[in-house]
Amino acid sequence: MPKSEESSYPFCPDEGKYEKLAKIGQGTFGEVFKARDKKTKTVVAMKKVLMENEKEGFPITALREIKILQVLKNDNIVNLLEICRIKATPYNRYKSTVYLVFEFCEHDLAGLLSNPQVKFSLAEIKKVMQQLLNGLYYIHSNKILHRDMKAANILITKAGKLKLADFGLARAFSDKLNRYTNRVVTLWYRPPELLLGERNYGPAIDLWGAGCIMAEMWTRSPIMQGNTEQHQLTLISQLCGSIVPETWPGVEKLELFSKIELPKGQKRKVKERLHGYVKDQYALDLLDKLLSLDPSKRVNSDDALNHDFFWVDPLPQDLNHMLSRYNKSMFEYLAPPRRRAPINQPPQAPGVVRPAGHNPDQHFERIF
Amino acid sequence: MAGNFWASSHYQQWILDRQDLYRERHNDLTVITEEEYQKIIMLFANVIQALGEQLKFRQQVIATATIYFKRFYARNSLKCIDPWLMAPTCAFLASKVEEFGVISNSRLMTACQSIVKNKFGHAFSGEYPYRTQHVLECEFYLLEMMDCCLIMYHPYRPLVKFCADLNAEADLLPVAWKMVNDSLRTDAPLLYPPYLIALACLHLAAIVKQKDIKGWCAELNVDIDKCMDVTKMMVSLYEMWKTYDEKKEIQAILAKMPKPSLSRPPSEATIQDNSQQQQPNQQQMSSGVS
């Protein structure tokens with residue numbers, strides 16, 4: 001490469017600026033580490049950009065995450081601090097590595113929910129959901145779809161601030177007719193329209209995920225843990241009722257509607273099924289609206305934020321007090337697998353994949 | 001993704017000061033004149049345009065690629081990385097950032113070879129020397145140098161809005177649109193926000209089309225002096241084009257262009273480099289055997 005050595009790049013600081021402390025997760029396109037700025041002692045999260053597909057050059061998923069997070073600046077969106085690179089040396093076989101550097105958040109929601117000692121009051125659940133919907137409202141009004149809603153991608157600081165994270169699958173959307181890939185969203189949080197092959201989808205896909213996460217605040221584990229797309233659709237039908245044109249006009253036009261066998265004659269039982277866990281009527285009503293099969297009838301983030309759930313007693317309450325009881329980080333990556341799905345009794349579904357050699361006694365990393 | 005221009009990296013980090021720009025360019029300008037410098041940058045804007053047309057890019061992708069190119073050389077000497085390599089690298093990165101879809105490496109390299117041969121024979125003699133691996137490596141430098149500031153705002157969108165407001169979609173828009181394309185051959189995109197470039201081009205288009213838009217302009221709350229700066233840049237570009245023949249003159253200018261101090265063609269150089277890297281291993285292996 002004919003690049004003169006005199007030129008220096010003042011912007012991108014060298015990764016030597018940080019020291020790695022622990023691996024805390026596995027993102028869509030790379031590992032995540034907890035690290036510390038050697039000078040300022042600020043703790044950060046560093047996400048390694050995997051350069052697996054060398055033909056593609058710098059991965060488009062990483063480019064998307066970078067450009068989207070540079071535009072999105074909000075209290076409920078994870079804050080991208082900078083991008084840095086380790087230079088190519090003989091030690092890394094002349095391959096340079098790029099890291100995205102984020103503000104550090106102590107917990108993720110999946111990690112918190114998998115710890116039975118962590119208990120959320122109704123008012124605290126309201127605060128979690130309010131911040132989650134507020135984050136979604138912000139990204140959707142900026143014409144961004146998250147496309148990977150799940151409890152592990154919801155970070156929570158020890159001060160109780162919620163941050164939407166992992167924009168590795170996110171992309172901009174327009175109101176025109178589109179053809180996006182429908183191979184997005186972790187299966188258990190994937191909405192019925194994606195499972196049926198819709199490619200012209202919109203913000204409603206993230207609100208389905210928000211509904212799954214909201215129910216999880218009480219059930220403590222993902223509510224529909226399908227093994228396959230077919231199985232996931234079965235679980236959805238058992239909870240939300242049969243997928244038919246009478247309740248969802250136009251569904252018959254989706255590519256896979258006629259190709260997949262869908263359970264018939266199922267009644268919608270969202271409120272009944274969840275009633276065992278969720279006693280609050282307002283919560284059940286909002287859940288019912290978020291888990292609407294027909295994406296055009298699913299509540300949007302603005303209307304959800306105006307739902308009575310957030311405006312009747314007990315009012316949303318900050319999490320900092322409850323979280324101050326814990327001095328350890330809780331991340332899904334470091335936590336033991338959560339209990340099997342309580343509401344749909346699925347057959348032996350594979351557990352959340354854990355890295356090999358993980359010691360189940362080391363559930364939570366001591367952080368602060 | 002609409003975003004907010006005033007909060008963007010484009011506005012906050014990449015609207016440069018004219019003095020800054022000239023200071024960075026100073027070293028190159030000891031070897032070539034200012035006008036020659038502009039002619040080189042213009043040549044590569046044309047290369048990127050041709051490459052983009054060959055690959056059927058939208059104009060927005062081409063504009064983004066062209067400004068990436070300008071940004072790199074706004075901070076680096078022309079000898080730093082060969083512009084013949086930087087041009088396709090900018091096109092490659094812009095196609096991904098603008099969600100045009102990833103173009104396959106072979107298509108990109110074939111397009112390079114074909115336009116160099118068929119359209120820029122007056123500027124480049126011989127085979128196009130770079131390969132995919134050079135583009136991928138160069139992409140890293142480009143990203144790093146831009147501090148990963150990828151989002152670009154262009155004058156096209158404000159221009160369309162202004163024309164709609166003026167009811168001038170039929171007469172002024174096509175002329176002004178072409179002028180915005182021409183503005184990519186000047187320093188204007190590095191120095192002024194896109195809406196000012198759009199206004200300057202609209203102003204010039206109104207003069208060309210002899211349409212009176214003074215009343216509309218009078219109600220604008222913009223810095224008219226800055227707008228006039230852009231207009232002047234455009235006018236001097238058109239003045240230059242009256243007498244400039246790229247086909248005849250560019251070869252001599254490129255011969256003077258500052259170049260990296262490499263005696264071999266870069267493709268060979270890299271092969272050489274690789275073999276040097278492998279040598280220690282081979283030595284280790286052979287010593288292990290003995």
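1. In this predicted model, E193(A) sits in helix α4 of chain A, which spans residues 192–195. Helices are DSSP runs of H or I with at least four residues, strands are runs of E with at least two, and both are numbered from the N terminus. The relative accessible area of E193(A) is 1%, so the residue is buried (under 20% relative accessible area; exposed is over 50% and partly exposed in between, with a 1.4 Å probe and protein chains only).

2. Beyond neighbours within four places in sequence, the contacts of E193(A) include W248(A), L254(A), P295(A) and R298(A) (contact: heavy atoms within 4.5 Å).

3. Chain A has 10 helices and 10 strands. Of its 368 residues, 57% are buried. Of the contacts in chain A between residues at least 6 apart in sequence, 67% link residues at least 24 apart.

4. In chain B, D17(B) belongs to the loop between α1 (9–14) and α2 (18–29). D17(B) is partly exposed, because its relative accessibility is 40%.

5. Residues 46–144 of chain B are 69% helix and 0% strand, whereas residues 157–236 of chain B are 74% helix and 0% strand.

6. Residues are numbered from 1 along each chain as its sequence is written, and chains are lettered from A in the order in which they are written. Local features need pLDDT of at least 70, side-chain atom pairs count only at pLDDT 80 or more, totals for chains, interfaces and linings use all residues, and side-chain values use heavy atoms, without hydrogens and water.
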